[in-house]
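This briefing is intended for a reader who meets the structure for the first time. Please view the sequence and the model together while reading.

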Amino acid sequence: MKNKFDFQRFVRVLRLSWQTQPLLPYIVLVAAVPLLYLYFFGDARSMFVSLRNENPFLAFSAYFCIAGWLYAGMAYSELSKPAAAVRYLLVPASTLEKWLAKAVLALVVFPLVTWLSFNLAFKGFELFSVRFFAFRYSAIDWYSRDMLVTFFFFYLSLPVAYASGLIWKRFGIVKGFVFVFVLFLILFQVIGIGFEKYPYDSGQGVLLQETNLPFLELDCDDATRRLVGLFWLLAAYVPSLLLLAASYFLIREKEL
C-alpha cells in the first residue's frame with residue numbers, strides 16, 4: 001500500500017486532511033479584513049487619490065502571500081505533536097497519497113480560498129465606500145504583469161514554506177521566512193555588485209543587466225536569452241522543485 005496510488009483512498013485522505021487542517025491561517029484571513037478596510041479607508045477619505053492607484057494590488061499581494069505561506073508552513077503541524085503525529089502516520093494510505101493531499105490543499109485549495117476571501121472583502125468595501133464616500137476603485141486586472149509577478153514569486157517560494165514545517169519541528173514557518181529573506185538579501189547584494197561593476201553606459205553586455213522575469217520579453221540576442229533561461233533554471237526552478245520533492249521524502253522517512 002505504501003508504494004501504490006489508489007484514487008478513492010486519496011480522496012479519503014484529502015477529506016481527512018481538509019478536516020484536520022490548521023485553523024490559524026483561516027483566522028489570519030478573517031482578522032486581516034479590518035486591516036484591509038483601514039488601508040482602503042485612507043484612499044476613500046483622501047482628496048488626491050487616483051482611481052487607478054496600486055493600493056488594491058499591494059494589499060492583495062501581502063494578503064495572498066502572507067496567508068498562503070503561513071498555511072504551507074503549517075500544513076504538517078500535526079507532526080509537531082507526538083499523539084497527533086502517530087495518528088497521522090498510521091492513517092491507512094500510501095506516502096504519496098498523504099503528501100499529494102497536503103500539496104493540493106497548500107498549492108491549490110487554500111490559495112483559491114484566499115483569493116475568494118479577498119474578493120469578497122473588496123466587494124464589501126466597495127459597497128460601503130460608494131454609499132458613504134462616493135468612492136470606488138477600478139476593477140482589479142488579474143492578468144496584469146504586476147499580478148503575474150506576484151503569483152510567480154508566490155509559487156516559486158511556496159515550496160520553502162511547505163518544506164520548512166517538515167525540516168524544523170518548532171517554528172518551522174518562521175525559520176522558513178528567515179531563510180527566504182536571507183536568500184533575497186544575498187540575491188539583491190549580488191545584483192547590486194554586478195550593476196556597480198558594470199554601469200549602464202559601459203556598453204558591455206552583462207547578464208545581470210539582462211536578467212528579467214522569464215515570462216517577460218527580452219530585448220537581447222539568442223545567446224543571452226539562453227543564459228537568462230539557464231539562470232532561472234538553476235537559481236530558481238531547480239531549488240524550488242528540489243524542496244518540493246524533499247518534502248515527500250521527509251514524509252516517507254518519518255513513516256519508515
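The points below are grouped by topic, from the overall fold to single residues.

The model described here is predicted. The protein contains nine helices and zero strands, and 39% of its 256 residues count as buried. Three salt bridges are present in the structure.

**Overall architecture**

- Read from the N terminus, the elements follow the order α-α-α-α-α-α-α-α-α.
- Among contacts with a separation of 6 or more, 71% are accounted for by residues 24 or more positions apart.
- The accessible surface of the protein amounts to about 15600 Å². Carbon and sulfur atoms contribute 68% of that surface.

- Helix H1 covers residues 7-19 and has 13 residues. The distance from its first C-alpha to its last is 18 Å, close to the 18 Å expected at 1.5 Å a residue.
- Arg9, Phe10, Val13 and Ser17 are the buried residues named in H1. They lie on the same side of H1, because they cover an arc of only 100 degrees around the axis.
- The partner of the buried residues of H1 is helix H5 (95-133), against which they pack.

- A salt bridge joins the side chains of arginine 9 and glutamate 97, with an N to O distance of 2.8 Å. Arginine 9 belongs to helix H1 and glutamate 97 to helix H5, so this pair ties together parts that are 88 residues apart in sequence.
- Both arginine 9 and glutamate 97 are buried.

- The side chains of lysine 102 and glutamate 78 form a salt bridge at 2.8 Å, N to O. Lysine 102 is in helix H5, while glutamate 78 is in the loop between helix H3 (55-73) and helix H4 (82-89), so the pair ties together parts that are 24 residues apart in sequence.
- Lysine 102 is buried because its relative accessible area, 3%, is under 20%.
- Glutamate 78 has a relative accessible area of 11% and is likewise buried.

- Glutamate 126 and arginine 136 meet through their side chains in a salt bridge of 3.2 Å, N to O. Glutamate 126 lies in helix H5 and arginine 136 in the loop between H5 and helix H6 (145-167), so parts that are ten residues apart in sequence are tied together by this pair.
- Glutamate 126 is buried, with a relative accessible area of 13%.
- Arginine 136 counts as partly exposed, at 47% relative accessibility.

**Nonpolar surface patch**

- Which residues make the nonpolar surface patch of about 720 Å²? The patch is made by Leu227, Leu230, Leu233, Leu234, Tyr237, Val238, Leu241 and Leu242.
- One of these residues, leucine 233, is located in helix H9, which comprises residues 222-255.
- Leucine 233 is partly exposed, and its relative accessible area is 40%.

**Three further leucines**

- Is leucine 35 buried or exposed? Leucine 35 is exposed, because its relative accessible area of 59% is over 50%. Leucine 35 belongs to helix H2, which spans residues 24-44. The C-alpha atoms of leucine 35 and alanine 59 are separated by 9.6 Å, and these residues are 24 residues apart along the chain.
- Leucine 120 is part of helix H5 and counts as exposed at 65% relative accessibility.
- Leucine 166, in helix H6, is buried with a relative accessible area of 5%. A distance of 9.6 Å separates the C-alpha atoms of leucine 166 and tyrosine 248, which are 82 residues apart along the chain.

Terms used. Residues numbered from 1 in each chain as written. Predicted model: local features only at pLDDT ≥ 70, side-chain atom pairs only at ≥ 80, totals over all residues. Heavy atoms only, no water. Patch = residues over 30% accessible without salt bridge, like charges linked within 9 Å, V, L, I, M, F, W, Y side chains within 5 Å. Areas by Shrake-Rupley, 256 points an atom, 1.4 Å probe, with all protein chains shown as cover. Salt bridge = Lys/Arg side-chain N within 4 Å of Asp/Glu carboxyl O. Helix = DSSP H or I, 4+ residues; strand = E, 2+ residues; numbered from the N terminus. Buried < 20%, exposed > 50% of the residue type's maximum accessible area, 1.4 Å probe, protein only. Expected span 1.5 Å × (residues − 1). Arc of directions from axis to C-beta. Contact = heavy atoms within 4.5 Å.
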